[in-house]
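Here's a quick briefing to read with the model open beside you.

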Amino acid sequence: MIDRNSFEPLYVQVKNDIIADIESGKIRAGDKLMSENEMLSHYGVGRMTIRAALSELMTEGVIRKEQGRGSFCMGLPKKAQRLNIDVLLDSSDTYFVPAYMLKGISPVLESNQCNLLMHDTKSDSRHIEELLQSILERGTDGVMLQPASREYRSPEMDALMVRFNRAGIPVVILLGNLNYDSCIGLSIDDGYGIEIATRYLLECGHRNILGLFYEKGKDPERRLRGFRKAFHGVPDAQI
C-alpha cells in the first residue's frame, strides 16, 4: 500500500503495488484492473497519480487500455536472460590465455550481459571433442574454441561443427586454421607481423638484426619467412 513517509514517489508506489499483485497471481493476464475511481478510493491518492502509474505500466507493456472498458493486464514482460557463452581455452598457455584472450573476451561478454563458461582444453584434441559433445547436449548460446593444434581436423570434429551449425549455435575458432564454413576464424598472421616489426628496425637504421625463433611447430617457419622477406631490397643489411 501507500507509504506517505517514503521518498519513493506515490505513482511509483501505485505502479509497484499493481506489479506485486501480478507477480503474486492476484491479477492475471487478461484480468481487468480496478477503474480509476476504484483506485482513487483504494490508494487514497489523486487522479494524476493513478494516471501516471497506469501510463508507465502501459508503456512497459504490462497493461493495455480499451476505450470505454478500462485497463487490462497483459502480464509482466520476460526479463532479458543472460546468454551463456562457452569458452574453451588451454589453461597451460600462460602467455596468450590470460594476457590476451581472457583479458579481451571477459569484459566484452560482461558488457553484453553474457555469462562466460570456461573450459580447460588441456591442449588435447580428443578432450576438446568430448567437451563440445557435452556442450551440445546441454545447450549453449555460443562457443569460442582455442584448438589444440592449428592444423587439427578429424571426422568427429567435422561432424560436431555440422551439428553446431544445424542447432544455430555460432562457433568462433581462436588462433586456428580450421576452415569450417559454419565458423568464424580468428588467427594471427605471424609472418606478416614479424615482417612489419623487422621493417621498422630497418627503417630506424639498424642493419645487423638477429632473429630468434622457437623450433617447435609451424609458427616459427611463418615468422622466419616474414623475417627474411623484410630484408628484400636492403642490400647492406645482415640477418
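Buried here means under 20% relative accessible area, exposed means over 50%, and partly exposed is in between (1.4 Å probe, protein chains only). This is a predicted model, so local features need pLDDT of at least 70 and side-chain atom pairs count only at pLDDT 80 or more, while totals for chains, interfaces and linings use all residues. Residues are numbered from 1 along each chain as its sequence is written, and side-chain values use heavy atoms, with hydrogens and water left out.

- Lysine 122 has a positive phi of about 55 degrees, although it is not a glycine.
- Lysine 122 sits in the loop between S4 and helix H5 (125–138); helices (H or I, at least four residues) and strands (E, at least two) are DSSP runs, numbered from the N terminus.
- With 57% relative accessibility, lysine 122 counts as exposed.
- Glutamine 113 is another non-glycine residue with a positive phi, near 55 degrees.
- You'll find glutamine 113 in the loop between helix H4 (96–111) and strand S4 (114–120).
- Glutamine 113 is partly exposed, at a relative accessible area of 45%.

**Helices H2 and H3**

- Two packed helices are described by the angle between their axes and the distance between the axes.
- For helix H2 (residues 36–43) and helix H3 (residues 47–59), the axes come within 10 Å and cross at roughly 110 degrees; axes are lines fitted to C-alpha atoms, for helices over the stretch in contact, and angles run from 0 to 180 degrees between N-to-C directions.
- That makes H2 roughly perpendicular to H3, a label that covers 65 to 115 degrees.
- On the H2 side, the contact (heavy atoms within 4.5 Å) is made by Glu36, Asn37, Met39, Leu40 and Tyr43, and on the H3 side by Arg47, Ile50, Arg51 and Leu54.
- Sorted by class, that contact has five nonpolar, one polar and three charged residues; Ala, Val, Leu, Ile, Met, Phe, Trp, Tyr, Cys and Pro count as nonpolar, Asp, Glu, Lys and Arg as charged, and the others, Gly among them, as polar.

**Strand S5 and its neighbours**

- Strand S5 (residues 142–145) is covered on both faces: Gly142 and Met144 are buried on one side, Val143 and Leu145 on the other.
- S5 pairs with strand S3 (residues 83–89) in the parallel sense over four bridges; strands pair if DSSP finds at least two bridges between them.
- Isoleucine 85 has glycine 142 of S5 as its bridge partner.
- S5 also runs parallel to strand S6 (residues 171–174), joined by three bridges.
- There, valine 143 stands opposite valine 171 in S6.

Definitions and conventions
Angles under 35 degrees count as roughly parallel, over 145 as roughly antiparallel, 65 to 115 as roughly perpendicular and the rest as oblique.
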